[in-house]
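Please look through the sequence and the model below before reading on.

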Amino acid sequence: MLLLHSYFFKEHPITVRSSLIVGATLVYLLIFSLFYHNVGDGLTALAIFPALISGWLLGGRLGLVAGFIIGLLNIGLYFFVGGAGSADILGRSLPSLIVGTIGGGLSGWLRDQFYQLKRQADTVTQERDIVRAEIVQRRQTEIELRHQEEILQQLSDHLPLMIAFYDSTGKVLFLSRELERTLGWSMAELNEIDLMAECYPDPTYRQKVIEFMIAANEEWRDFETRTKDERLIDTTWFNVRLSDGSNIGIGQDITHRKQAEEILRESEEKFRTLAQTMTAGILIHQGQQFIYANPAVTMMVGYSQSELLGMNFWDIVHPDHQALVRERCTARLQGGTPPAKYEIKFLKKSGDIRWVHVTTGLIKYKGQLAVLATVFDITDRKAAEMQLQTIATENLRLARAVDAATDGISISDPKQPDNPLIYVNPAFCQMTGYSFDEMIGQNCRFLQGEDTDPDTIAQVRQAVEERREIQTTILNYRRDGQPFWNEMRIAPIFSEEGELVYFVGIQSDVTHRRQAEAKLRRSEEKWRSLVENSPDFIFIINPDLTVQFLNHKVPGLSMAEIIGIDITHHVPPDYQETARNHLERAFQTGEADNFEIVAPGPNGTMVWYQTRLGPIKHQGQVTALIVVSTDITEQKRGEETLAYARDQAMEASRLKSELLAKVSHELRTPLNAILGFAELLDFGLYGPLTDNQKNAVTQVMESTNYLTKLVNELLDQARLDAGHIKLNLTTFQTDLLLEEVQTKMSVLAEAKGLQLTTKIAETMPDVLHSDRQNIQKILFNLIGNAIKFTEQGEIQVNVYCADAKQWTIEVRDTGAGIPEHALSKIFEPFQQVDGSLTRKHSGSGLGLSIVKQLTELMGGCITVESKFGQGSIFTVLLPMHPIMETENV
Amino acid sequence: MSKTPLALIIEDDPKLSTIFAETLKLAEFKTETIADGQVALERLTTIVPDVVVLDLHLPHVSGREILHQIRADDRLAQTRVMIVTADAAMADSLKDEADLSLLKPVSIHQLHDLATRLRPPDTTSA
């Protein structure tokens with residue numbers, strides 16, 4: 001039923017309704033088709049059902065149309081299914097149409113009516129529900145309002161706020177209890193009085209208050225309000241305008257706060273004044289910077305207050321103490337308890353240093369911890385302390401110095417009888433050999449002895465009596481009786497009041513010095529004597545070239561004309577520049593130097609001086625020059641003579657060589673004439689000669705040959721002397737050379753009945769590279785000599801080669817020999833052994849000298865061995881020159 | 001066919017030129033003597049001596065110059081020059097240029113031997 005009801009009494013969408021119609025129609029068609037032949041005409045009644053359903057579903061006029069259509073359909077069905085004839089058509093179709101149409105229309109009408117009624121009933125029900133809900137809501141609102149009112153009442157009653165509620169006309173609607181309590185006026189009394197006039201009697205002031213209230217700009221403002229009992233209290237007010245134009249004024253009695261503020265202000269004023277005027281510095285430091293610094297601080301550090309406020313505590317602290325301050329400051333702010341007082345250095349803006357005593361503590365500033373520091377400038381105190389310390393150190397140092405001094409130091413007290421010693425230092429003990437205890441209490445005179453000079457003692461006593469300083473050297477005696485020279489200085493010491501308090505003595509043992517001085521004096525005397533007696537002029541010259549010292553007088557000049565005068569003034573003009581240059585250079589370089597000058601001497605002579613400069617240095621600087629001028633005139637003359645003699649000798653030698661060459665040249669032509677004619681005579685060109693004539697011609701020829709030889713030797717010597725003979729190296733065959741010599745010399749040897757043999761050793765090279773002509777001359781000379789001095793026997797010439805570097809010519813004879821004493825002179829020119837021999841064996845005496853010179857010219861040497869009466873051996877050693885391959889023999 | 005060789009003696013000392021001439025004659029030379037350098041040079045343009053005995057110190061033209069002229073003259077290519085001088089240094093310096101260089105005094109034997117050696121090969125000897 002419920003389902004049916006829900007289907008039929010609810011407004012369904014048209015699709016649902018159409019489905020129902022189609023469904024009903026189909027059911028009807030099915031039933032009609034199945035049951036037509038059984039039921040027959042009864043089916044007409046059945047058409048009423050789809051019509052009723054369609055009408056209900058479609059309602060009204062649409063139901064009527066649907067019923068009619070269904071009637072038509074029913075008629076169609078009769079025709080179609082039953083095949084009914086026309087006879088039945090009216091009987092069957094009309095009831096179908098009528099039933100369908102009426103059924104559909106009726107059903108539709110009923111439906112419309114039903115729904116209309118139903119809608120009306122729904123509307124009434126809804127309205128009733130709304131009313132009910134409104135009633136419930138209003139009741140709830142009322143409860144809430146009452147609750148809120150209660151809250152407000154409670155709030156207004158218990159809040160320590162004065163609250164006044166007044167409408168847009170200014171009429172007071174409500175006053176909180178606090179307001180009543182504070183101002184003394186109750187709500188009930190407001191009908192009788194003007195609250196504003198009571199509270200603000202001054203109209204101008206009141207007007208200001210009213211304007212503030214009207215403005216309601218939601219800000220707090222302080223007013224002075226009069227209470228009922230005519231007290232003036234400080235109030236502060238806040239006005240709010242509500243949407244309906246009414247106002248709420250909220251106020252507070254701030255009299256106490258104002259008073260407290262005033263007290264605080266006064267207190268702060270006091271504190272500030274104190275802080276601003278006190279000499280102690282006050283700093284407040286929070287976080288990373290100062291938040292307060294009083295003028296004393298600015299004075300101390302030289303930064304302005306505004307500068308300081310941007311700075312850190314440790315920025316004004318000297319670097320020596322920055323770490324300490326930073327550490328302590330941070331520790332304190334973190335709850336630590338580092339020492340609260342300390343002394344540090346501040347670094348002023350100017351860079352100066354101030355010593356300060358800092359006392360730190362913690363305060364609360366703006367809810368956070370801050371460090372409050374009180375700072376006292378203790379720079380002066382520190383300076384005083386340091387000065388004291390310096391004085392103490394100085395005293396200590398002095399005491400130590402006195403103890404450590406190498407001079408003896410003693411202090412005596414003249415206030416006591418006999419002026420006894422009250423202090424002696426270790427050096428004095430050591431000097432005298434007495435101990436400290438032995439000396440203390442004694443008068444100094446106990447050190448004197450028998451040889452102490454009484455005059456000196458008297459001088460010292462007098463000075464002590466006259467309270468003045470004295471310095472002297474006195475002979476004292478050591479404890480062991482040994483005397484010593486005491487160089488002492490005694491000085492009186494006076495107090496600030498001028499009272500003589502002490503005598504201080506400073507003593508030195510100068511025994512060694514006095515000995516040294518004596519030694520020095522003796523030494524100086526020695527040197528002085530040496531200098532003064534020196535024939536040289538010895539000057540000491542200052543850097544400005546003035547003379548500081550001269551050892552003895554210069555003839556013709558007084559000392560005053562020399563000492564202090566530029567030394568170069570006394571130098572002849574020609575040498576002044578030279579002398580000045582040398583002197584200045586010696587001063588600059590510090591090196592010894594010497595130079596020579598010529599100065600006019602007595603009687604118009606010239607004197608040569610050799611001047612030697614020796615720098616005197618002090619700390620690397622040449623402070624003076626020692627100038628020693630020695631008269632070297634004699635020496636110079638000697639040198640000149642010598643040079644002249646040498647030149648003369650050289651010239652003579654040259655002339656001799658020239659003369660010899662000339663003579664040799666000039667002699668040769670006549671010699672040739674003599675020899676030529678003699679030989680022609682001998683040849684018989686001018687007719688046959690008698691024996692006597694022949695003999696005479698032979699004599700002429702021999703003499704001529706001798707003369708020729710002499711001339712040749714003289715010429716050779718002259719050329720050797722003049723250095724005209726030069727080596728002329730050629731390559732030649734050894735045997736040919738010796739053959740030539742043998743051939744020539746054999747004639748002479750045989751003429752004397754002597755045998756001449758030449759031997760060439762196998763070791764000798766076939767070819768030699770040497771000066772052939774010189775070797776030939778050497779051989780001719782040596783062999784000629786051998787022949788000359790040998791009366792019987794033989795002459796041997798041996799040529800051999802000792803090694804690859806040299807070869808030897810040996811000429812042996814069995815002649816007269818040479819006495820031993822003559823051997824060393826035999827190679828000197830013009831030397832012959834024996835006068836008798838010379839006469840017999842005439843010769844220039846140059847031969848061996850020339851041989852020696854030629855040998856040496858070729859780089860060789862000659863030696864001789866001889867036994868007087870037995871013969872001689874001449875040995876010539878010559879260097880072996882290598883043979884050039886390109887040279888032809 | 002033999003031909004007698006010619007020796008020209010250029011020597012300003014008449015005694016020496018006599019000795020040299022005599023010696024050369026003994027050595028089978030025809031001889032001619034001249035005492036003046038200039039004359040000698042002129043003469044040498046016309047004759048071709050086989051041997052010249054040449055002194056160096058001569059009037060007008062020196063022996064050295066004459067030697068140079070001879071050496072420069074193709075016509076005199078076969079002429080042998082024998083220097084005979086008293087100047088040892090000069091003798092030495094010209095010894096390579098001359099065929100022989102002798103230092104006075106010269107023995108006639110030496111002169112004779114040397115002159116004989118210098119004779120041209122196609123001439124006869126005594």
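The sections below treat the conventions, the two chains, their interface and selected residues.

## Basis of the report

The model is predicted, and local features are reported only at pLDDT of at least 70, side-chain atom pairs only at pLDDT 80 or more, while totals for chains, interfaces and linings use all residues. Residues are numbered from 1 along each chain as its sequence is written, chains are lettered from A and ligands numbered from 1 in the order in which they are written, and side-chain values use heavy atoms, with hydrogens and water left out.

## Chain A

Chain A has 889 residues, of which 37% count as buried; buried means under 20% relative accessible area, exposed over 50%, and partly exposed in between (1.4 Å probe, protein chains only). Its secondary structure comprises 26 helices and 27 strands. Helices (H or I, at least four residues) and strands (E, at least two) are DSSP runs, numbered from the N terminus.

The accessible surface of chain A is about 52,500 Å², and carbon and sulfur atoms account for 57% of this surface. Such areas come from the Shrake-Rupley method with a 1.4 Å probe; for residues, only the protein chains shown count as cover. Of the contacts in chain A with a separation of 6 or more, 50% are between residues 24 or more positions apart; contact means heavy atoms within 4.5 Å.

## Chain B

Chain B contains five helices and five strands, and along the sequence these follow the pattern β-α-β-α-β-α-β-α-β-α. Of its 126 residues, 51% are buried.

The accessible surface of chain B amounts to about 5,800 Å², with 50% belonging to carbon and sulfur atoms. Among contacts in chain B between residues at least 6 apart in sequence, 62% join residues at least 24 apart.

## The interface between the chains

The size of an interface is often given as the accessible area lost when the parts come together. Here, the area buried between chain B and chain A is about 1,800 Å², and 68% of this comes from carbon and sulfur atoms. Buried area is the accessible area (1.4 Å probe) that two parts lose on being put together, summed over both. On the side of chain B, the residues that lose the most area to chain A are B:Ile19, B:Ala86 and B:Pro105, together 29% of what that side buries. The contact involves 23 residues from chain B and 20 residues from chain A.

Four residue pairs are in polar contact between chain B and chain A (both at pLDDT 80 or more). A polar contact is a pair of N or O atoms within 3.5 Å; within protein, one must be able to donate a hydrogen and the other to accept it, and residues adjacent in sequence count only if both atoms are side-chain atoms. At least two residues of the side of chain B that touches chain A come from each of α1 (14-26), α4 (88-93) and α5 (108-118) of chain B. With eight residues, α1(B) supplies the largest share of that side. The residues on this side of chain B comprise 11 nonpolar, five polar and seven charged, where Ala, Val, Leu, Ile, Met, Phe, Trp, Tyr, Cys and Pro count as nonpolar, Asp, Glu, Lys and Arg as charged, and the others, Gly among them, as polar.

## Salt bridges within the chains

Over all chains, the whole structure has 50 salt bridges; a salt bridge is a side-chain nitrogen of Lys or Arg within 4 Å of a carboxyl oxygen of Asp or Glu. In chain B, B:Asp99 and B:Arg71 form one, with their closest N and O atoms 2.7 Å apart. The pair links distant parts of the chain: B:Asp99 is in the loop between α4 and β5 (100-103) of chain B, and B:Arg71 is in helix α3 (residues 63-72) of chain B, 28 residues apart. B:Asp99 is partly exposed because its relative accessible area is 33%, and B:Arg71 is partly exposed at 34% relative accessibility.

In chain A, A:Lys852 and A:Glu856 form a salt bridge with the closest N and O atoms 2.9 Å apart. Both lie in helix α26 (residues 847-857) of chain A, four residues apart, about one turn of the helix. The side chains of A:Arg585 and A:Asp593 also meet in a salt bridge (3.5 Å, N to O); A:Arg585 is partly exposed at 41% relative accessibility, whereas A:Asp593 is buried at 19%. A network of salt bridges links A:Glu343, A:Arg381, A:Lys382 and A:Glu385.

## A buried histidine

A:His318 is located in the loop between α12 (305-309) and α13 (319-333) of chain A. A:His318 counts as buried because its relative accessibility is 11%. Not counting residues up to four places away in sequence, A:His318 touches A:Lys345, A:Phe346, A:Leu347 and A:Ile353.
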